[in-house]
Amino acid sequence: MNHSPDRTRVLVVNSGSSSVKYQLLDMADGNRLAAGLVERIGEGPVADHTAALKQVADELSAQGLGIDSPALAAVGHRVVHGGTRFTEPTLITDEVLAEIEKLVPLAPLHNPANITGIKVARQLRPDLPQVAVFDTAFHSTMPEAAARYAIDTDTADRYGVRRYGFHGTSHAYVSKAVAELLGKDLAETHTIVLHLGNGASASAVAGGVCVDTSMGLTPLEGLVMGTRSGDIDPAAIFHLARVGGMSVDEIDTLLNKRSGLLGLCGDNDMREIGRRMGEGDQDAQLAFDVYIHRLRKYVGAYTAVLGRVDAIAFTAGVGENSAAVREATLRGLAVLGVEVDTVRNALRGTSARLISTENSPVAVAVVPTDEEREIATQTYRLVGA
Ligand SMILES: Nc1ncnc2c1ncn2[C@@H]1O[C@H](COP(=O)(O)OP(=O)(O)O)[C@@H](O)[C@H]1O
Ligand SMILES: CC(=O)OP(=O)(O)O
Ligand SMILES: [Mg+2]
C-alpha cells in the first residue's frame, strides 16, 4: 500500500434503478463522514439520475465535504452486471465503460443508472481514479453445476446465457460479518444469506466463497421481490406471447415491474403489506404467503447445497426490519436445526445480532448490510495497490 496520507477519502455512489445511495468514508480510520439517499428518481422533482447526482454533489458541498476536496482518493461505483469479464474491482477507463454499456441488455434497470453515475463523477473529477465494483463479482466462483442452465451449450456460450448472480457485494459483506459475529474463522463458516430489499436474493456461502445464488442471467430469477416475479416457468412467456398477444417488451415490463408483491396485491412495500394483513386483507396475506413460501424453499435447497449450515443471515430493508418475515420464513424448521427466539427476533437493533435460541444448532442472525463500505474498502485497496 502506498496511499498518500492526505488522500484517504473515498466517495461511494450506489445508483439503483430509482434511487442513489452515497457515502463518503475516511479510510484512514474507517469513519463515515457523510451518507445519504436520493429516492423516487423520475417520479417528482428529481427528473433523472443526472439530477440525482447533482443533488448528491450539492448535499456534500453543503456539509463542507464537496467532491472538489483534495482529500478524495477515488470514487467507487456499484455496477450491477459485470458479465464474465469483470470479476474484480476495476479501474474505469473509456474501454471499461464501453464494456459496461454492452451489458445493459442484461441489467436494463440497473446498468444505465450505474453508467450515468460514472459519467457524472468523471465529469466533476476527471483527475480522480473511478473504480467499478460489480454485483456479479462475488458469484463468479460458483461451480459450473450451479452457474449453468441446462440448455444447448453453443447457444448459451454464444449469448452469455448463464447464471451470474447479483447483490454480491452485500452477500460478501454479510457472510464476513456473520463469521465475526459467531467468532468463527470465515474459512470454516457455512452461511445462507437472505438479502431482502426491493430486489431480493439468497446465497449459499461456504468458507467465504459463493457456491450458489438465486438470481441468474439477470436480477429477475429467484425469490419473490417487490415488483419482480422471481422464478417462473419460462413457458409462461411463450403462452403470454402466443395466447395473450403480448410483445416481448410488454412481458419484460410485466415480470420486472408489475409482478412480485406489487402484482399479487398492489403494494410492493412490506410495511404496507403488514399493515393490510393486520386488517385481514386477503390479497396482502396471499402476497406475503407466496413470498415466504419461496424463501423457505431456498433455505431448504441451500441447506442441501451446503451440507452443513452454521448460520442463516437476514439483511437489507425487509430482512433487517421485518420480524414477521424472519419468523414466518424459519417457523417450524427445527428439522433443519433452526430455532428462532421470538423475543430476540422482535427486538429492534442497528447492529449485527443473533435471533436464534441458545440451543439452536444453526445460528440465525440479522446483519445490516453496508454495500457502500464494502465498495469503499475494495476501491481503496485497488487505488492504493
Ligand atoms: N420497517 C420495515 N418493515 C418491513 N419492511 C421494511 C421496513 N423498512 C423497509 N422495509 C422494506 O425494505 C425495502 C427496501 O429495502 P432496501 O434494501 O433499501 O432496497 P433497495 O436497496 O433495493 O432499494 C422496502 O421496499 C420495504 O419493503
Ligand atoms: C441487482 C438488484 O436487484 O439490485 P436492487 O435490489 O438494488 O434492485
Ligand atoms: Mg439494494
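Start by selecting helices H11 and H13 (residues 323–330): their axes come within 9 Å and cross at roughly 55 degrees. Axes here are lines fitted to C-alpha atoms, for helices over the stretch in contact, with angles running from 0 to 180 degrees between N-to-C directions. Helices are DSSP runs of H or I with at least four residues, numbered from the N terminus. H11 and H13 are therefore oblique to each other; angles under 35 degrees count as roughly parallel, over 145 as roughly antiparallel, 65 to 115 as roughly perpendicular and the rest as oblique.

The model is predicted: local features need pLDDT of at least 70 and side-chain atom pairs count only at pLDDT 80 or more, while totals for chains, interfaces and linings use all residues. Residues are numbered from 1 along each chain as its sequence is written, and chains are lettered from A and ligands numbered from 1 in the order in which they are written.

Keep H11 and H13 selected and show side chains. Ile 292, Leu 295, Arg 296 and Val 299 of H11 meet Val 325, Ala 328 and Thr 329 of H13, a contact being two residues whose C-beta atoms, placed from the backbone, lie within 7 Å. This contact has five nonpolar, one polar and one charged residues. Ala, Val, Leu, Ile, Met, Phe, Trp, Tyr, Cys and Pro count as nonpolar, Asp, Glu, Lys and Arg as charged, and the others, Gly among them, as polar.

Next, select H10 (residues 270–278) together with H11 (residues 282–306). Their axes come within 8 Å and cross at roughly 125 degrees, and the two helices are therefore oblique to each other. The crossing of H10 and H11 is left-handed. On the H10 side, look for Ile 273, Arg 276 and Met 277; on the H11 side, for Ala 284, Gln 285, Ala 287 and Phe 288. The residues of this contact divide into five nonpolar, one polar and one charged.

Now select ligand 1. Of the 14 residues around ligand 1, Gly 197, Asn 198, Met 270, Gly 317 and Asn 321 come nearest; a residue belongs here if its C-beta atom, placed from the backbone, lies within 6 Å of the molecule. H10 and helix H12 (316–321) are the elements that give two or more residues to this shell. The largest share, four residues, comes from H12. By class, the shell around ligand 1 divides into three nonpolar, nine polar and two charged.

Move to ligand 2. Among the residues surrounding ligand 2 are Gly 16, Ser 17, His 110, Asp 135, Phe 166, Gly 197, Asn 198 and Pro 219. The shell around ligand 2 has three nonpolar, seven polar and one charged residues. Domain 1 (9–134) and domain 2 (183–366) both give residues to this shell, so ligand 2 lies between them. The domain bounds come from an automatic or database domain assignment.

Colour the two domains. Their C-alpha centres lie 27 Å apart. Five residues of domain 1 are in contact with four residues of domain 2, and the domain 1 side has four nonpolar, one polar and no charged residues.

Last, select H1 (residues 49–62) and H3 (residues 111–124), which pack at about 45 degrees with their axes 9 Å apart. That makes H1 oblique to H3. The crossing of H1 and H3 is right-handed.

Key. A crossing is left-handed if the near helix is turned anticlockwise from the far one by less than a right angle, and right-handed if clockwise.
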